[in-house]
Amino acid sequence: MSQLEYERLHHNLKFLELMTFESILDNYLEVATNDGKSTIEVLDYLVAQEVQSKEARSLDLRMSLAGFPVEKRLDDFDFKFQPSIDKASIKDLASLKFIHNAENVVFLGPPGVGKTHLAIALGIEAANAGFRVNFVMLVERLADAEKEKKLEDKIRRLSKFQLLVIDEIGYLPFDELGAHCFFQLISRRYERGSIIFTSNKSYGEWGEIFKDHVIAAAILDRVLHHCTTVNIKGDSYRLKDRKKQGLIPQNFSG
Ligand SMILES: Nc1ncnc2c1ncn2[C@@H]1O[C@H](COP(=O)(O)OP(=O)(O)OP(=O)(O)O)[C@@H](O)[C@H]1O
Ligand SMILES: [Mg+2]
């Protein structure tokens with residue numbers, strides 16, 4: 001290869017933004033020549049390395065767009081500690097069929113039983129599989145957007161995600177405007193995109209969260225039409241170690 005060809009190859013690889021290919025080319029060609037690799041083998045290796053780094057970059061981007069507050073993995077979840085959870089049904093959710101089918105998942109249960117952990121873990125599985133995911137921070141912000149006449153924009157932006165994770169429904173009640181905005185979000189995603197919810201309130205108590213029972217019923221009707229509910233009954237994992245140390249009575253479940 002002449003110097004001109006060599007420089008043109010490097011220049012063109014950069015122009016095509018094949019940066020990994022470009023950066024490993026010289027070293028790999030030397031190794032490949034010594035090992036007697038064929039042209040096809042060389043090209044296959046270099047292209048595979050480029051694809052791998054591109055995949056890693058897009059996963060990084062999806063993870064940062066997802067905005068998970070912490071990273072929680074399914075592998076780190078101790079199913080023995082929480083026997084009310086059917087491990088097989090979580091494995092089934094991890095196949096992500098529910099996202100293909102635009103279905104929802106709801107984790108219900110008292111504090112510390114792993115609702116947010118499982119919701120984030122499924123979100124990470126989805127991001128790994130190439131889905132666009134968003135952990136929705138402060139749904140109440142929808143009401144601010146509505147006041148600024150930007151609710152449509154905000155809902156449209158959220159609709160680009162194939163999976164939303166909406167954590168902690170029920171810790172703070174929605175005011176009338178908040179409930180109206182939340183309903184808009186749910187009805188726009190109905191049968192079009194998946195949502196994973198977590199809540200410390202049973203469905204029967206959702207009326208109190210939204211204050212308006214008619215809106216609560218309309219929201220639940222849409223959420224539950226295609227939905228897997230995981231009802232977790234058990235002890236808080238947060239209290240596990242403190243119980244062991246005897247700082248909290250063994251029968252305390254809070
Ligand atoms: N079975 C488990 N195995 C491993 N870690 C767990 C398990 N359950 C909960 N945890 C951990 O305990 C902490 C509390 O769990 P998590 O935040 O998921 O609870 P939660 O049900 O969402 O509670 P809250 O209603 O208070 O938000 C987290 O650090 C989580 O990773
Ligand atoms: Mg939580």
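## Around ligand 1

Let's begin with the ligand in this predicted model. The shell around ligand 1 holds 16 residues, and those that come nearest are Gly-112, Lys-115, Thr-116, His-117 and Tyr-171. Sorted by class, this shell has 6 nonpolar, 4 polar and 6 charged residues. Among the elements, H6 gives the most to the shell, with 3 residues.

An N or O atom in the side chain of Tyr-171 lies 2.5 Å from an oxygen atom of ligand 1. The side chain of Lys-72 also has an N or O atom facing an oxygen atom of the ligand in this list, at 2.9 Å. On its own, ligand 1 has 630 Å² of accessible area, and the protein covers 87% of it.

## The pocket that holds it

Which space does ligand 1 take? It is the largest pocket, whose volume is about 430 Å³. A total of 19 residues line this pocket, and Gly-112, Gly-114, Lys-115, His-117 and Arg-238 lie nearest its centre.

What does the lining look like by class? The largest pocket is lined by 7 nonpolar, 6 polar and 6 charged residues. Helix H6, which spans residues 115–128, gives the most to this lining, with 3 residues. H6 likewise gives the most to the shell around ligand 1.

## The largest cavity

The largest cavity contains about 80 Å³ of space. Its lining includes Ala-102 and Asn-104, then Ile-186, Arg-189, Tyr-190, Glu-191, Gly-193, Ile-195 and Phe-197, and finally Arg-222, Val-223 and His-226. Helix H9 (176–189), strand E4 (194–199) and helix H11 (213–225) are the elements that give two or more residues to this lining.

By class, 6 of the residues lining the largest cavity are nonpolar, 3 are polar and 3 are charged. Arg-189, Glu-191 and Arg-222 are the charged ones here.

## The second largest cavity

The second largest cavity has about 30 Å³ of space. Which residues line it? They are Arg-62, Leu-65, Arg-132, Val-133 and Phe-161. This lining has 3 nonpolar and 2 charged residues, with no polar ones. Its two arginines, Arg-62 and Arg-132, make up the charged part, while Leu-65, Val-133 and Phe-161 are the nonpolar members.

Key. Residues are numbered from 1 along each chain as its sequence is written. Chains are lettered from A and ligands numbered from 1 in the order in which they are written. This is a predicted model: local features need pLDDT of at least 70, side-chain atom pairs count only at pLDDT 80 or more; totals for chains, interfaces and linings use all residues. Side-chain values use heavy atoms; hydrogens and water are left out. On a 1 Å grid over the protein atoms alone, a cavity is a set of points where a 1.4 Å probe fits but cannot get out, and a pocket is an open set with protein on both sides within 12 Å along at least five of seven lines; lining residues have an atom within 4 Å of a point. Grid points are joined across faces, edges and corners, and a volume is the space filled by probe spheres set on the points. Helices (H or I, at least four residues) and strands (E, at least two) are DSSP runs, numbered from the N terminus. A residue is near a molecule or strand if one of its heavy atoms lies within 4 Å of it. A polar contact is a pair of N or O atoms within 3.5 Å; within protein, one must be able to donate a hydrogen and the other to accept it, and residues adjacent in sequence count only if both atoms are side-chain atoms. Accessible areas come from the Shrake-Rupley method with a 1.4 Å probe; for residues, only the protein chains shown count as cover. A molecule sits in a cavity or pocket if more than half of its atoms lie within 2 Å of its grid points.
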